[in-house]
Amino acid sequence: MRVEITVNGSRQEDEIEPRLLLVHYLREVCGLRAANVGCDTTSCGACTVLLDGTSVKSCTVLAAQASGHAVTTAEGLSGPDGELHPVQQAFRQEHGLQCGFCTPGMVMATVGLLAENPQPTEQEVREGLEGNFCRCTGYHNIVRAVLSAAGELSAAGDR
Amino acid sequence: MIPSPFEYVSAGSADEAVELLRRHGDDAKLLAGGHSLLPMMKVRLAAPSVLIDVGSIPSLSYVRAVDGELAIGAATTHQTVATSPEVRSQVPLLAWSAGLVGDPQVRHRGTIGGSLAHADPAADLPMALSAVDGRVVVLGPSGQREISADEFFVGYFETALAPDEMIVEVRMPVRPGRPWGYQKFTRRANDWAIVGVAAVDGRVALANMGPAPVRAVSTEQALAAGAGATEAARLAAEESDPAEDMHADAAYRRHLAQVLTKRALISAGVPA
Amino acid sequence: MSILGTRVLRTEDPKFLTTGGEYTEDLVDDRLAGAVHVFFVRSPVAHARITGIDLDAVRATPGVVAAFTGADLVDLPAVPSMPGFNPAMTQTLLATDTVRYVGEAVAMVAVEDPYQGEDVIELVGVDYDPLPPVVDPRAAAGDETLLFPDAGTNTVITYGEETDEQLFDDCEVVVTRTITNQRVAPAPMEGRAAAAAWGDDGRLTAWIPNQGAQGSKVTMARMLGVDRDLVRVITPDVGGAFGAKFGADPEHAAVAWVARAVGRPARWSETRYENLLGMTHGRAQVQTVTIGGRRDGKVLAYRLEVLQDAGAYPRIGAFLPSLTRLMTPGTYAFPKVESVARAVVTTTTPIGAYRGAGRPEATAAVERAMDLFAAEIGMDPAEVRRRNLLAPFTEPRSNGFGALYDSGDFPAALEKALEAASYDELRKEQAERRARGDVVQLGIGLASYVEITGGGGEAGSPNENATIEVHPDGSATILTGASPHGQGHQTAFAMLASEELGIPVEKITLKWGDTDLVPRGGGTGGSRSLQQGGAAVRQASRELLDVARERAADALEADPADLRFDVSRSAYTVAGVAQAAVSLGQLASTERLFVHTVFTAPGATFPFGAHVAVAEVDTETGQAVLRRLIAVDDAGTVLNPLLAEGQRHGGIAQGAAQALLEEVVYDADGNPLTASFADYPFLSPTEVPSFELVDMATPTTYNPLGVKGIGEAGSIGATPAVQNAVIDAVAHLGVRHVDMPTSPRTVWRAIVEGSAG
């Protein structure tokens, strides 16, 4: 079947099989491999991207369901000259990543979280990221990164 | 974690979806948010050969007041239900419940209709609907009918829906300003409830105490007879047939039901 | 100003944050063009004879390139074992006549399109003739059902001998308890994967996520029955490992074998289900602790008996109890200690290394024993520890089990942790809640620990090599035998070289993990990388400066003794003549400027610390919540506090996860009940608080950096501290022990039984 999806601002048309998961569409058809598959049960969030601006687990969305919609991945977050988005910069500043496997999903989930709750408390950050697993960091610095990014974003007047 | 192959069709309206269901029969399943169905398909516990996408039907996503009741379109996401000012003021228990389903990403996709049709006895919304005395509005080839929550959930992942019917709307009486209680006992925040309790206005519903949400009728009767929360909660597990799994044996579930019901009732304004 | 000891941000990060790491499944490489995708058929039963495998249907399916069973691989050697293990307990790449755990691979299929893989493995028909499952290691030790009839026993190996029957004779008080250090899943976010291609020269290039390519290469060569020179292992970015990606698993070799058999490259990437069944598990010890002493708090004797569940095929998990034994007495000056261990096979997933690998188990046992003893004599657990800790020492001292502790001040670590936690105030609040009979009670748990790092699996003394080359443009490349998978070595090692050579950190590139580029190395594990790999980098830097000095002397026509190295310019100058200078880059443009060196440490080092955990338990439901974790982790000098803290956080979280939450569960038939992230209670952000780290640094003399290993320390201290805290919360209700994980049901049962007397 045919799908038309806007990926990181760029519209594309592709012929796919109906069962193609959005995460595999992004990785294999679009060559955008930052989103990772980390589990089988929609638990870990390593595949998180934005669909029309809200965070979703792309392993549990069919590419077919995304047809006619817009997807943003971690690759699409940074500026045209590779400048880091404030959330990406905050993760770096606070050492909120180690092996990096959960990181693109964690970053996109954070962008989604801050869009809905620009000034979260620590507890709200932890609950807001309950769908994103990390084995390396113990979450401590991820929480710091999100709180720091919240401060940055509100200071800059960004949403 | 790849589903078996299937055909995909997109329905433009509820009527069209029902017609497609009729045409494909048992081979077809409806797809709204896909966050109950696709996880099952990915581990191959379900393998429909046709998916009928109803997730983009705009007329199925809404929150409105109708005849003094709250009406929610079946394809309304949990996120919308949880944050809707209307739901939060008119049936706050439901908004709270929707806000606890899974995690934020799941709530952005999962729908109230999808969750109710999935009928997981450990899930939040079936229990919540039962507690607030809600109904599902169902569309089939011969028209619409309404089914009360208590009659809708018949067994383990089993509802009163016929194979060619779909939920189009969820309805419930409004309870603005009424105190309510909700207890969801989990190991981790985004787990299903080991035991759940929802209580409002003398109605008490339990999650994961049987193959469908259980109304704690003995507790309700005790409350009606003037019992306090502690006393009424002692009877919370009377109607239950709790399963044993690695999280809890039946005895522990019964104990939790009592403790959590007491707490929910206190939140719902019942004196201890 | 020195860069060492400062919070340098990771140079690795921009890539990981934008385009993402390049993990094995992400690889796009010409050498992998046209690769087939391998899928494994795995046993659904725990113990059975395979009576038939039907590949006809799958081989006839379009898109299937080939299908194989164990019968096709009979000429290959058995999977390598370890010295001392029962030699009859062997594993093959695919099961041949017997399966011994759910998830064991029995067949494999190579397909063109990875989306077809799960479709086609359903077409493989396997007939199983069930045999009795053996799930509990205690049952296995009884040898009633043998997993390997030729072995005549289920015992893999034993360590130590119980000798002294009168060990506890002079004790006023003796407490004994059998406790569980439960099986957990390492569950790195990236599972296992492989990509393999054979060249026309007959050499294999294998991309495998691993913790040491040099070791993986040896294991791959052995499993494939080929000469080591024919194998090249390349390490892509690795999404976490935690001990479970050392060497190579049978599947890695099987994928390489398929590539050779079908004449095309082959790839494999496991699902989480396969990962939770097929990657080695961790811990899995049944421990009997016996502790005795006087009522004044002095412990006189301690015995530890370990029954190690090795899983179905003995891997390094059967060796780890020897490390548990090595660290039996921990930080304590017990007059008499005994320790014995036995490893047995069971019809479950094999046990491997998992963060701490044998040492957390020792600490968990002795810390539980100390609390049991404290409860028996009615003494505060902190006080009991004070009365038994080894006094501070600066000279190496033996612990009686073969571990030579290099330096330590265990009492100071404990006092620091207690003070940071405001221990007395916590006890006061606990007393108040108890007096009121609050539903939610407070518990405080302690752990004092010491652990062995950098022990070296290499022959001879622990060592690591480094090569540093400065390029004409003034940048530098370091080759290391370490193998980072999230630890930040690129930044840490660059800091060390930058400090010496004056080259900015951003201009220093670290390379590792390609056995053609770096033929020797010990990998990353056992918290060895900085103390050995980093020390090697520093040593290589200094040796490079020596080489450069000679060349600079020629270039400047000066006496080497008159030269001064100006770090700020990365250049040698003639003393007193600033214009007469030649930079390292300039020297490199006339002749390659590089040095290879090996740093050898005198032995393992012993970081130590103390953790205090504060937990709340809802006494009506049994639910335990960790509120605070205060950690003192002394691993000597800290090179980069940002990285060190990250390691501590990650270790603490895994340690707390074991205490509170995680467990691999099998039913009585050997069926795994926790084979997904929905069922396996993998720690999510809401189960742990932010942690409170306290600094303490007692340097070691074992390397010029003064560093010990930090990677595993957090997981060693946190587990017993958290477990002890949960038990402490309900101790006043008569509870003396709750096994891990302290799930609500388990805690509630303990409360019910405790109050029943």
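Select C:A195, which stands opposite C:R267 in strand β12 of chain C. The model is predicted: local features need pLDDT of at least 70, side-chain atom pairs count only at pLDDT 80 or more, and totals for chains, interfaces and linings use all residues. Residues are numbered from 1 along each chain as its sequence is written, and chains are lettered from A and ligands numbered from 1 in the order in which they are written.

**Stop 1: strand β9 of chain C**

Now select residues 193-198 of chain C, which are strand β9. Strands (E, at least two residues) and helices (H or I, at least four) are DSSP runs, numbered from the N terminus. Is β9(C) enclosed or open? Six of its six residues are buried, so β9(C) is largely enclosed by the rest of the structure. A residue is buried if 20 or more other C-beta atoms lie within 10 Å of its own, exposed if 12 or fewer, and partly exposed in between, with C-beta atoms placed from the backbone.

In a regular strand the side chains alternate between the two faces of the sheet. Here C:A193, C:A195 and C:A197 point one way, while C:A194, C:A196 and C:W198 point the other way.

Next, show the two partners. Strand β12 (residues 266-269) of chain C pairs with β9(C) in the antiparallel sense over four bridges; two strands pair if DSSP finds at least two bridges between them. Strand β10 (residues 204-207) of chain C is also antiparallel to β9(C), again with four bridges. There, C:T205 is the bridge partner of C:A197. Five residues lie between β9(C) and β10(C) in a hairpin, and C:G202 in the turn has a positive phi of about 80°.

**Stop 2: a four-stranded sheet in chain C**

Find the open sheet with the order β21-β20-β19-β25 in chain C, whose pairing is mixed. Its edge strands, β21 (508-511) and β25 (593-600), each pair on one side only. Neighbouring strands are turned by 20° against each other on average, direction ignored.

Zoom in on β19 (residues 463-470) and β20 (residues 476-480) of chain C, an antiparallel pair with five bridges. One bridge joins C:I468 to C:I478 in β20(C).

Helix α13 (residues 489-501) of chain C lies across β19, β20 and β21, at about 130° to β21(C). Helix α14 (residues 529-556) of chain C lies across β19, β20 and β25, at about 140° to β25(C). Axes are lines fitted to C-alpha atoms, for helices over the stretch in contact, and angles run from 0 to 180 degrees between N-to-C directions.

**Stop 3: two domains of chain C**

Colour domain 1 (282-453 + 604-755) and domain 2 (463-600) of chain C separately; the bounds come from an automatic or database domain assignment. Their centres, taken over C-alpha atoms, are 40 Å apart. In the contact between them, 15 residues of domain 1 meet 13 of domain 2. Contact means that the C-beta atoms of two residues, placed from the backbone, lie within 7 Å.

**Stop 4: C:G63**

Select C:G63, in the loop between α2 (56-59) and β3 (64-69) of chain C. Why does C:G63 count as exposed? It has 12 C-beta neighbours inside 10 Å, and therefore counts as exposed. Leaving out residues up to four places away in sequence, C:G63 touches C:V111, C:E112, C:D113 and C:Q116.

**Stop 5: chain B**

Finally, show chain B, with its twelve helices and 14 strands. Buried residues make up 58% of its 272 residues.
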